Amino acid sequence: MRADDHEAPGEDGREARSGRVETREERADRKWAELLQEVRVTQTGVQILFAFLLTVAFTPRFQGLGQVDRTIYVVTVLLGAAATGALIAPVSLHRIVTGRRLKPETVDWAARFTMAGLVLLLCTVASALLLILRVVVAHSTAYWLAAAALLWFVTCWFVPAVWLFHRSRKGR
């Protein structure tokens with residue numbers, strides 16, 4: 001739990017922040033439910049992408065790929081595996097420590113794994129795009145298009161959050 005995540009508890013053990021009054025455990029339960037909804041979306045996407053990537057090596061066209069494309073493929077598969085592991089980690093973490101009164105700590109670790117999984121998913125998608133685009137368009141064009149897509153994903157996934165976080169810190 002970060003120090004700036006709540007105000008001092010009142011006499012009844014409840015903490016107020018932004019008009020919400022909840023105990024540490026209630027906050028952890030709420031954050032866990034929100035995190036699970038987020039992870040469900042990303043888990044499905046990364047699992048489908050990873051499954052697709054695993055099948056590519058068994059297609060007839062794969063044998064015709066040059067060494068650079070094979071290297072990009074290996075990197076992409078490894079990134080996909082890492083993203084899958086990070087995005088499934090909250091489930092195993094919760095299952096292993098459930099019932100031990102560690103919900104706030106579990107939520108913090110699960111949030112870290114989820115953020116790592118999102119970054120790895122971003123890298124996987126960018127790498128997969130690069131591989132596909134190198135097969136479809138000129139190599140230099142592929143790099144520019146993959147970089148543009150990467151920039152778009154960063155803009156959509158991270159820039160608004162960073163901006164909102166920075167703006168909220170200035171208002172304190």
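Buried here means under 20% relative accessible area, with exposed over 50% and partly exposed in between (1.4 Å probe, protein chains only). You're looking at a predicted model, where local features need pLDDT of at least 70, side-chain atom pairs count only at pLDDT 80 or more, and totals for chains, interfaces and linings use all residues. Residues are numbered from 1 along each chain as its sequence is written, and side-chain values use heavy atoms, leaving out hydrogens and water.

Start by selecting residues 24–56, helix α1 (helices are DSSP runs of H or I, at least four residues, numbered from the N terminus). Its 33 residues reach 47 Å from first C-alpha to last, close to the 48 Å expected at 1.5 Å a residue; that expected span is 1.5 Å times one less than the number of residues. Now colour the buried residues of α1, among them Arg 27, Trp 32, Leu 35, Gln 43 and Phe 50.

Contact means heavy atoms within 4.5 Å.

Last stop: His 94, in helix α2. Is His 94 buried or exposed? His 94 is buried, at 17% relative accessible area. Show its neighbours too: leaving aside residues up to four places away in sequence, His 94 touches Trp 32, Lys 103 and Thr 106.

Terms used
Axes fitted to C-alpha atoms, helices over the stretch in contact; angles between N-to-C directions. Helix = DSSP H or I, 4+ residues; strand = E, 2+ residues; numbered from the N terminus.
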